[in-house]
Amino acid sequence: MFRLVAYALEAAHGRPPAAVWSAPYAFHLGSPGLVAATGWPTAAAAAPRTDGLVRLSSLAHPADSCDLPLTLSGPPPAAPDWAVRPYTVLRALARAGHGRGGTDLHVQGSLTGAAGLATAEPAECAVALAVADVHAAAGERPDRADLARLLAGALPDGDDGLRRAVLFARPGRALLVGPEPRRRQRYVPFDPAASGARLVLVAVRGEAADRSHELARAVSCARRAGALSAWQPGPGRSVLVLLPEARLTAVRAAVAEDFRGRGRPVPRFLNIAVAGAARREE
């Protein structure tokens, strides 16, 4: 995926990236204040500019690439819907002194919103890290705590807990989030695989008005088939199900058979590994 993103930036903008960053999709645990990251990534490839222009592209929106002036104040320029949040991040970074000369940027996720995990926060973090990186002095790495605060201020409608998971997660650990990013993060063990369990994301399909009922139905079926617990990873169309590894096939079959028997679209199932934070892909 990371080679593809690097190639896509070069194909779209005629130059290779100076850096590629990956950022994991993240989720809330059932306990308040705990978040973790998945093994599924979003990637951002970036190359610095000096002419005050940002050129944005994404394989998910091949017809909606755009070239925009990087303005620090006033109304933002008109942009395709998908590019509004990346441009907001670029503008906030420039105001903070990162990348005022402009950037070529390509963003791509491994999942879509249909998978049931939040897509905005990992993309925002990947963009912020890649852009801060390519405009930094040699050997300097982005300050993640500063970027967390910058993103919270620039995009207050986002989920700050998920962003913190993207930026600071550790494999096999859940991150305890407080009101402000800490220089030293606090973690608790959360490693289903180490205890012979599996974590599975179940995403329902169909009309939004039906989702709450269908999610409850999926959870009920999963519990009867042996699931240990289930919770929503955030607002949306999915639930996370924790189950003994030996019950994986039975739980998936029970949920699928119930939906199929009622003439409903069978939910999507996605295995989730508890992974580490965003990183630079060398």
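**View 1. Helices H2 and H4 meet through Thr88, Val89, Ala92 and Leu93 of H2 and Leu147, Leu150, Leu151 and Ala154 of H4.** Contact here means heavy atoms within 4.5 Å. This is a predicted model, in which local features need pLDDT of at least 70, side-chain atom pairs count only at pLDDT 80 or more, and totals for chains, interfaces and linings use all residues. Residues are numbered from 1 along each chain as its sequence is written, and side-chain values use heavy atoms, with hydrogens and water left out. Helices (H or I, at least four residues) and strands (E, at least two) are DSSP runs, numbered from the N terminus. The axes of H2 (residues 84–95) and H4 (residues 144–154) come within 10 Å and cross at roughly 120 degrees. That angle makes H2 oblique to H4; angles under 35 degrees count as roughly parallel, over 145 as roughly antiparallel, 65 to 115 as roughly perpendicular and the rest as oblique. Axes are lines fitted to C-alpha atoms, for helices over the stretch in contact, and angles run from 0 to 180 degrees between N-to-C directions.

View 2. With a relative accessibility of 8%, Arg91 counts as buried (under 20% relative accessible area; exposed is over 50%, partly exposed in between; 1.4 Å probe, protein chains only). Not counting residues up to four places away in sequence, Arg91 touches Leu70, Thr71, Leu72, Ser73, Gly74, Pro75 and Pro76. Gly30 is 61 residues from Arg91 in sequence and 35 Å from Arg91 in space, C-alpha to C-alpha.

**View 3. Helices H6 and H7 pack at an angle of about 135 degrees.** H6 covers residues 211–224 and H7 residues 248–261, and their axes are 8 Å apart. The angle makes H6 oblique to H7, and their crossing is right-handed. On the H6 side the contact is made by Glu214, Arg217, Ala218, Cys221 and Ala222; H7 brings Val251, Ala254, Val255, Asp258 and Phe259. Sorted by type, the residues of this contact are seven nonpolar, no polar and three charged.

**View 4. Four strands form an open sheet in the order E9-E10-E8-E11, with antiparallel pairing.** Two strands pair if DSSP finds at least two bridges between them. At the edges are E9 (229–231) and E11 (268–272), each pairing on one side only. From one strand to the next, the twist averages 25 degrees. E8 (residues 197–203) and E10 (residues 238–244) run antiparallel and are joined by seven bridges. Look for Arg198, which stands opposite Leu243 in E10. Helix H6 packs on the sheet, touching E8, E9 and E10, and its direction makes about 5 degrees with that of E10. Helix H7 also packs on the sheet, touching E8, E10 and E11, and its direction makes about 155 degrees with that of E11.

**View 5. Leu228 sits in the loop between H6 and E9.** Leu228 and Leu242 are 14 residues apart in sequence and 5.6 Å apart in space, C-alpha to C-alpha. Leaving aside neighbours within four places in sequence, Leu228 is in contact with Arg223, Leu242, Leu243 and Pro244.

How values were computed
Left-handed = near helix turned anticlockwise from the far one by under 90°. Nonpolar A, V, L, I, M, F, W, Y, C, P; charged D, E, K, R; others polar.
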